[in-house]
Amino acid sequence: MLDSAPISVCTIASLFDDSMDCVKVIDTAGRLIWMNSGGLCTMQVDDFGMVDGALWPSFWPEPGRTEVERAITCSPPKPHHFTAQCPTAKGTQKWWDVSVVPINDDAGLHYGFLATSRDVTEREVSKALSKTLLQEMRHRQGNQMTIASMLMSVHAAQAPALRDFADDMSARLAAVGRAQAVVGREEDDAAAFELRGLMATLVQPMVGPACTLDISAAPGLSIRRDMVDLVGVVLSEMAVNSVKHGAFGKGGHVDISARADDAELTITWAEESRVELAGTAREGAQGVSLMHRMAKLNNAEFTLEWTAFGPEARLVLAV
């Protein structure tokens, strides 16, 4: 059907024929009139004649179908972008990052749409695994804190002198639980979180009495919802390590700062314990590996360096 299209549309189509993205020309009624060679391969379509003239929305299950229909029925036509799941012609489930832009003929009249679908299955699966990991971490941490609080209450009942200590630690564990609840919460991705308050919520409950903590961030500095999980995992892991081996547990000072420019947000953890470290975490250690993996999944940069008295970590996110 592309043979009857305006020459400018034919030219556009020829430019994308070798792309591995699935590139399609859709007419104003939503029918497929061309698909590039790479797209036929990616969508597992053996011959374009199998789908020539088919309604593009019919290939999509919900909620992708609604997004496609919105893109091709918008008046006046305008660019549209979405991510949704859609099976290939042979039933392989894939995720697609889709851009739809209107195209005009040589006379300037609306002819149809150029739709580009990029296979982002690996990215979406990684996000789902990350979400599952965070949920499992929260569940296990909650169970551990509940058990610890119950054990302290049992011992305090047998030794009244421990009651004040047990009450203090139970309150502390409850505060840690509230902080951990921030990580992995289900909310609108567009929501913004005030960064200084978020850092305090995650870290403050773990600070020991012999340690001082400074948190600095510009007033009003916030992060998107999609950054919260990564920031939460990194700060929580650094805080737990500090309780076990560093300034939070042995005394000293921790400085957490955040600064932003037009392109990046940098969060820095600088720690100085009163006690010289006996050793440092290996790169393969579970907690360190988790922070590196989470940063990679979120297209961020995480670095960790050591002094004789503690670590300096830096998390850099694109904004």
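The model is predicted, so local features need pLDDT of at least 70 and side-chain atom pairs count only at pLDDT 80 or more, while totals for chains, interfaces and linings use all residues. Residues are numbered from 1 along each chain as its sequence is written, and side-chain values use heavy atoms, leaving out hydrogens and water.

Let's start with helix α7, residues 225–245. Helices here are DSSP runs of H or I, at least four residues, numbered from the N terminus. How far apart are the end C-alpha atoms of α7? They are 31 Å apart, which agrees with the 30 Å that its 21 residues should span at 1.5 Å a residue; the expected span is 1.5 Å times one less than the number of residues. In α7, 15 of the 21 residues are buried, meaning under 20% relative accessible area, with exposed over 50% and partly exposed in between (1.4 Å probe, protein chains only).

Now the core. A nonpolar core is a set of buried Ala, Val, Leu, Ile, Met, Phe, Trp, Tyr and Cys residues joined through side-chain atoms within 4.5 Å. The largest has 43 residues, and F248, I256 and W269 touch the most other members. Its largest share, 9 residues, comes from α7.

On to the backbone. Which bond joins E62 and P63? A cis peptide bond, with omega about 5°. The bond from S75 to P76 is cis too, with omega near -5°.

Finally, Q44 is not a glycine, yet has a positive phi of about 55°. Q44 counts as partly exposed because its relative accessibility is 26%.

Note on methods: Helix = DSSP H or I, 4+ residues; strand = E, 2+ residues; numbered from the N terminus.
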